[in-house]
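Thanks for asking me to look this one over. My notes follow as numbered points, with the cut-offs given where each term comes up.

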Amino acid sequence: MDIQYYKDAKHNYLILEAEVNEDNIFQYKMLENNKIDGLLPFSLRNTDECYYLYYEIDSRQSIKNRYDRKKMSYEKLKRFLSDMVITAKNLGDFLLDPSHIILLPEAVFEDFSTGRFYFIYDPVHEKTIDHAFFEGLMEYADLEDGRCSQLIFELLDTICDASGIDFSVLERAVRAEPEEAFMEEMSTIHTSKDIYETRINANEKKESFEMNDDEDFEDDEDEAEAKDKSVTEKKIKIMLPLGVNFLMAMLFAIIAGALWYLRYAYILTYEENILDIAVFMISVMMSLSCFILQLRKNTKVFGNKVKEPVPESTTDMDKNVEAPPSDLVEMPLYSADNKAGYIRKRAYEHNVLAQTDEDEENEETVLLSFDFEEKLHKLYAEEGTGLDNIGLQKLPMVVGKLSSCADAVIKDKSVSRMHARLFREDRKTNSLWIQDLNSTNGTFVNGRRLMPNEKVELFEDDEVSFGKCVYAYR
C-alpha cells in the first residue's frame, strides 16, 4: 500500500489513493460526512480524475514511530484492543464491514492528548487474514512483560480464522482480562500478607538475638567507629527557635488576633476603630520583630558539621619528596639571631623545588590516538538560546519535548512531543538521516521544511530547526 504524507498551512495529512466508482462512492461520502468515532477524519479529493483520501493526523503518532524504541505496555495494549472493538461496533451501526479496517503499524495512530487509538477505513480494502498484523504487533509490544506476550499469543490462537479477525471473540477476550487481572491482584495481596507475617517473625527473632548478644554488639560497634574515621560524616543539628523573643512574638500575635476579632465582632466608634487599627499594626510589627530577633539569635537553625576524609595513601609526588628536618619545620622568620637557621631552611626549600622541576623535565609526553574516520558529531544549539547541545552517540534517537517518548528533550513550546527522529540509514557509510515525525511546527533542514515522515540525509554544517529551535550539525 502506497502511503504518502502532506502538510498545508493548517493540517498534516496521510494520503491514500482510493478506487472510487459508482458502486462504492456512497460509502466514502457516508464515512466523510458522519465522522464515525474511532476513525481518522478524512476528506475525499479529486485530482486529475483520481480520488485521494486525505486523513488528518494532527497531534497523532503512528504506533510504528511511537513504539519503535519504547515498547507498548500491557495497559496500552489492552487500550488498543478495546479501541479496536469500539471502532468495529461503530462501523456496524452504519452497516459497514469492520474487516476493511487497515491494520498496518503505519496506519494506526495514537492521540497524545487522550491516549486513544484511531484507525483508517477503506471500503475497497481487501479482506485479509490478520495473523500478520498481530505477529507484527509483537515487535512494538513489551514482550519482557509476560502478560503482553501471553495476551498476543492467545489472540493469535482464538480471534483469527480464514475469513479474517473475529471482533466478537476479541471483545470477549478484552472483557475477560480485568477478571484475570483481579485474580492476579488478589493472589499478590495474599502473597504480600504472607511475606509481612514472615518479616514480623524474623524481626522478633532478631530482637531476641540482639538481647542475648549485647556485649558482642558493642565490640562490633567500636570496631565500626574506628573504621569510619576515614569516611565523611554529616551531622545535622536542629535548633528550635524557642526563647524569650519567641514567646513575646507569640504574645503580640495573640493580641493582634484578639484586636482583629473585636473589629469584626463588635460595632466600634470612630475613635475606637482608629485605636484598634493602631494597636493592631503595632502588635503585628512587634511580633515580627521579636521573631526575627529570635532567628538571628540562633545563628544557624540548621548546622552541618562535616568531617573531611583522611586520605589512606599519598600521591607519588609526596612519596618522592623527603620530609624536612624537625628543626626546620617551625623555623621563625629571618632575624639577626637566627640568621644561620633561616639560610638552612631556604636552602632546603630550593633543593626540593629543584628536585620537583627535574622530575617534570624527565617525564615523557604521551601521544593520543585519534580516529578521524569515526568523528563524533553533535547538533550544536544556536548561541544565546540557552538550549543544550544534542549528542549523537546513541542512535536511533527521538527529539521532542515529552520525556517519556523522546531521547533528547527540548523544553520549548514550538517543539512537538515527538518531533523528529535521527538515525543511520546505512552503518557502513556512517551517514546521518533525519525524519520528521508529524510535527506541528515542522522540521527544517537548511531552511526547507520537511513533509510529515519525510527523510533526508544530513551533511556537516547543515542547519537543523525543530520548530523555532535552531541547531548546527558539526
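1. The protein chain exposes about 31,800 Å², and carbon and sulfur atoms supply 54% of that area. Accessible areas come from the Shrake-Rupley method with a 1.4 Å probe, and for residues only the protein chains shown count as cover. Please keep in mind that this is a predicted model, in which local features need pLDDT of at least 70 and side-chain atom pairs count only at pLDDT 80 or more, while totals for chains, interfaces and linings use all residues. Residues are numbered from 1 along each chain as its sequence is written, and side-chain values use heavy atoms, with hydrogens and water left out.

2. How much of the chain is buried? Of its 474 residues, 34% count as buried; the term means under 20% relative accessible area, with exposed being over 50% and partly exposed in between (1.4 Å probe, protein chains only). As for contacts (heavy atoms within 4.5 Å), take those in the protein chain with a separation of 6 or more: 59% of them involve residues 24 or more positions apart.

3. The protein chain has 12 helices and 24 strands. Both are DSSP runs numbered from the N terminus: helices are H or I with at least four residues, and strands are E with at least two. Two strands pair if DSSP finds at least two bridges between them.

4. Strand 16 (residues 397–400) runs antiparallel to strand 18 (residues 420–423), and 3 bridges join them; Met-397 has Leu-422 as its bridge partner in strand 18. With strand 17, strand 16 pairs in the parallel sense over 2 bridges, and Val-399 stands opposite Ala-408 there.

5. Strand 16 is worth a look from both sides. In a regular strand the side chains alternate between the two faces of the sheet. Here both faces are covered: Met-397 and Val-399 are buried on one side, and Val-398 and Gly-400 are buried on the other.

6. Another open sheet has 6 strands in the order 15-14-24-23-20-21, and its pairing is antiparallel. Strand 15 (390–391) and strand 21 (448–449) are the edge strands, each pairing on one side only. Strand 14 (residues 378–381) and strand 24 (residues 469–473) are antiparallel partners over 3 bridges, and Ala-381 has Tyr-471 as its bridge partner in strand 24.

7. Two single residues next. Leaving aside residues up to four places away in sequence, Ser-62 touches Pro-105, Glu-106, Val-108 and Phe-109. Glu-144 lies in the loop between helix 4 (131–137) and helix 5 (146–158), and Glu-144 counts as exposed because its relative accessible area is 78%. The C-alpha atoms of Glu-144 and Ser-73 are separated by 9.7 Å, although the two residues are 71 residues apart along the chain.

8. Finally, the cysteines. How many disulfides are there? Taking a disulfide as a pair of cysteine sulfur atoms within 2.5 Å, the count comes to 0. Cys-148 counts as buried because its relative accessibility is 0%, and Cys-290 counts as buried at 9%.
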